[in-house]
Amino acid sequence: MSNTRSRNKGNAQENAARAREAFARGKLDRAASLFQKAIQLDSQQAKYHSNLGAVLHKAGQLTEACEALESALAIDPDLPAANDNMGVVLMALGKPDQALPFHRRAVKLDKKNAWIHCNLGLCLE
C-alpha cells in the first residue's frame, strides 16, 4: 500500500472515530461532516456510509439517509447495520413493505443482535 493511501486510510479511521463520538454526544452536524470527510478519504468503507445514514436519519434528513445507506449496501450488501438502518429509515418514510426485506436480511446476517430483532418486530406490527 502506498504511503499516501495508508495515511488517507488512517485519517479516515480517525475522522470516523471522531464522528462516532460526536454522534454519541448528539452533535449531528459535526458527526455528519466527519463521516463525510472519512468517506472522501476512504470511499469503500461501507460502515462509514452506513453510519452517515444513521446520523442523517437522526437529523431528520431521510432522503439523504437513504442515499448514504444505498451507497453502503452497494459496497457491502451483507453489512447488517446498513440493512437494519435502511429498514429503519424506510419505516420513518412510512414504507413498511419496503423496509421489511431489509429488516429480515439484517436478522439473517446478525441473529444475535437484539436491536435488529426489535426493529423487525416494529416493522411487522
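User: What does Val55 touch, beyond residues up to four places away in sequence?

Analyst: In this predicted model, Val55 touches Phe23, Leu28, Ala31, Ala32 and Phe35.

User: What makes the largest nonpolar core a core, and which residues have the most contacts inside it?

Analyst: A nonpolar core is a set of buried residues such as Val, Leu and Phe, joined through side-chain atoms within 4.5 Å. The largest one here has 35 residues. Those with the most contacts inside it are Phe35, Tyr48, Leu52, Val55, Leu56, Met86 and Val89. Helices H1 (3-24), H2 (28-41), H3 (46-58), H4, H5, H6 and H7 (114-124) each give two or more residues to this core.

User: Why is H4 called roughly antiparallel to H5?

Analyst: Helix H4 (residues 62-75) and helix H5 (residues 80-92) pack at about 155 degrees, with axes 10 Å apart. Angles over 145 count as roughly antiparallel. Therefore H4 is roughly antiparallel to H5. H4 passes H5 in a left-handed crossing. By class, their contact has 11 nonpolar, two polar and one charged residues.

User: Which residues form the contact of H4 with H5?

Analyst: From H4 come Leu62, Ala65, Cys66, Leu69, Glu70, Ala72 and Leu73. In H5 they meet Ala82, Asn83, Asn85, Met86, Val89, Leu90 and Ala92.

User: Why is H5 called roughly antiparallel to H6?

Analyst: The angle is about 160 degrees, and the axes are 8 Å apart. The cut-off is again 145 degrees, so H5 is roughly antiparallel to H6. The crossing of H5 past H6 is left-handed. By class, this contact has 10 nonpolar, four polar and two charged residues. Pro80 and Met86 are among the H5 residues that take part, and His103 and Ala106 are among those from H6.

User: How do you know that His103 is buried?

Analyst: Buried means under 20% relative accessible area. His103 has 1% relative accessibility, so His103 counts as buried. His103 is found in helix H6 (residues 96-109). Leaving aside neighbours within four places in sequence, His103 is in contact with Asp84, Gly87, Val88, Met91, Ile116, Asn119, Leu120 and Cys123.

User: How far apart are Pro80 and His103 in sequence and in space?

Analyst: They are 23 residues apart in sequence and 8.9 Å apart in space, C-alpha to C-alpha. Pro80 is found in helix H5. Not counting residues up to four places away in sequence, Pro80 touches Ala106, Leu109, Asp110 and Ile116. Ile116 is also among the contacts of His103.

Terms used: Residues numbered from 1 in each chain as written. Predicted model: local features only at pLDDT ≥ 70, side-chain atom pairs only at ≥ 80, totals over all residues. Heavy atoms only, no water. Helix = DSSP H or I, 4+ residues; strand = E, 2+ residues; numbered from the N terminus. Buried < 20%, exposed > 50% of the residue type's maximum accessible area, 1.4 Å probe, protein only. Contact = heavy atoms within 4.5 Å. Axes fitted to C-alpha atoms, helices over the stretch in contact; angles between N-to-C directions. Parallel < 35°, antiparallel > 145°, perpendicular 65-115°, else oblique. Left-handed = near helix turned anticlockwise from the far one by under 90°. Nonpolar A, V, L, I, M, F, W, Y, C, P; charged D, E, K, R; others polar.
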